[in-house]
Amino acid sequence: MTKRRALVTGGAGFIGSHVADALASAEYDVTALDDLSTGKRRNVAPGVRLEELDIRSPEAAHLVQTGGFDLICHLAAQIDVRKSVADPIADADRNILGTLNLLEAARQAPKPPRFIFSSTGGAIYGDFAEPPSAETEPKDPESPYGIAKLAAEYYVAYYGRVHKLDVVALRYANVYGPRQDPHGEAGVVAMFCQRLIDGTPVTVFGDGRQTRDYVFVGDVARANALAASAAIPRAGRLDVRAFNVGTGVPTSVLDLAEALMRAAGKTCPVEYAPARPGEQQRSFIDVSKSASVLGWTPSVALDTGLKHTYDWFRAIAGS
Ligand SMILES: NC(=O)c1ccc[n+]([C@@H]2O[C@H](COP(=O)([O-])OP(=O)(O)OC[C@H]3O[C@@H](n4cnc5c(N)ncnc54)[C@H](O)[C@@H]3O)[C@@H](O)[C@H]2O)c1
């Protein structure tokens, strides 16, 4: 039997490489498309082909259009919220125009693939509504990054409605796990792991009581694999084909630091810095729709995921 073919954009990145691994384990023939701007060649497993391309390029569009893919998981993006504030045009260029380039190509493929867009459940709902946020919650992103992701979701829904492309949007909470960049702004767990290993203080902004919903990367990869084949009603509105991928559990930054120190069996000083303006105070998402439609629920408890992540960072620090 010929294998189903999947393209994973951002497949050399943190989450994308885990998605590529999950699809390869599910017997897909997997190609990763990545410009290696933050991604690493070493994240790409030996069985996965790497196409070093920019999602905004005609070459990427050509690959999508002619590659015979059954599935596209689109994760390539500019992911740094502070960079999006400093340069919203560069953010929109990658996150809106890059996505649009792939959607246009996908709809022109002889047999259009299912298109799974990686969106954010942490940055599109904003701070107005009472969490946990369900998919249908009004959206008021606090940053250009969140606005670009929401704009891209509207395009995704439009291609579903008007061009009948088989689209899905997965809205991730705060994802953590092995291979996350410890220097990137998005990954507080990775950053804290690195500080613990280096023996330097972890920095907490404000009073540390702001909450986030931390979901393990293996669970996010599994959500993509399930969304690849789930029966999802083809309906028009933005939220119908969108799914929150988180745990529904709020964890404060201080509790996270404590849990990580427990998992690591090691402590380090906590240093306080002034609260960052515009930082969201409470963010966690309702995942009941993913459970009922995709058959997905998170399976890795925070303590277990943190231990696994810390052990991975310690192993690479020692290698
Ligand atoms: N990490 C999180 O907590 C989180 C939360 C919500 C949503 N997301 C989304 O998940 C996706 C993956 O994020 P991540 O945390 O793995 O980040 P990452 O930076 O590790 O991965 C992004 C990948 O995209 C590649 N890339 C960037 N611009 C590109 C371009 N123009 N052409 C081709 N490749 C390009 C990078 O090289 C990198 O490998 C992103 O779409 C992000 O917005 C992440």
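Reader: How many C-beta neighbours does Leu36 have inside 10 Å, and what does it count as?
Author: Leu36 has 15 C-beta neighbours inside 10 Å, so it counts as partly exposed. Here a residue is buried if 20 or more other C-beta atoms lie within 10 Å of its own, exposed if 12 or fewer, and partly exposed in between, with C-beta atoms placed from the backbone. Please keep in mind that this is a predicted model, in which local features need pLDDT of at least 70 and side-chain atom pairs count only at pLDDT 80 or more, while totals for chains, interfaces and linings use all residues. Residues are numbered from 1 along each chain, as its sequence is written.

Reader: Where is Leu36 placed, and what is its phi?
Author: Leu36 sits in the loop between strand 2 (28-33) and strand 3 (49-51), and its phi is near 60 degrees, which is a positive value in a residue other than glycine. Helices (H or I, at least four residues) and strands (E, at least two) are DSSP runs, numbered from the N terminus. Most residues other than glycine have a negative phi, and most peptide bonds are trans.

Reader: What about Lys164, is it buried or exposed?
Author: Lys164 is exposed, with 11 other C-beta atoms within 10 Å. Its phi is also positive, near 60 degrees, and Lys164 lies in the loop between helix 5 and strand 6 (166-172).

Reader: Which peptide bond is cis?
Author: The bond from Pro131 to Pro132 is cis, with omega near 5 degrees, and Pro132 belongs to the loop between strand 5 and helix 5.

Reader: Changing topic, which residues are closest to the ligand?
Author: The closest are Gly10, Gly13, Phe14, Gly39 and Ala77, out of 29 residues that surround the ligand; a residue is near a molecule or strand if its C-beta atom, placed from the backbone, lies within 6 Å of it.

Reader: And which helix gives the most to that shell?
Author: Helix 1 gives the most, with three residues. The elements that each supply at least two residues are helix 1 (14-25), helix 4 (88-107), strand 5 (114-120) and strand 7 (174-176). By class, the shell has 12 nonpolar, 12 polar and five charged residues, where Ala, Val, Leu, Ile, Met, Phe, Trp, Tyr, Cys and Pro count as nonpolar, Asp, Glu, Lys and Arg as charged, and the others, Gly among them, as polar.

Reader: What domains does the chain have?
Author: The assignment gives domain 1 (4-173 + 216-245) and domain 2 (176-213 + 248-284 + 300-318), with bounds that come from an automatic or database domain assignment. Their contact takes 18 residues from domain 1 and 19 residues from domain 2, two residues being in contact if their C-beta atoms, placed from the backbone, lie within 7 Å. On the side of domain 1 that touches domain 2, helix 7 gives the most, with three residues.

Reader: What is Val8 in contact with?
Author: Leaving aside its neighbours within four places in sequence, Val8 contacts Gly16, Val19, Ala20, Leu23, Val30, Ala32, Cys73 and Leu75.
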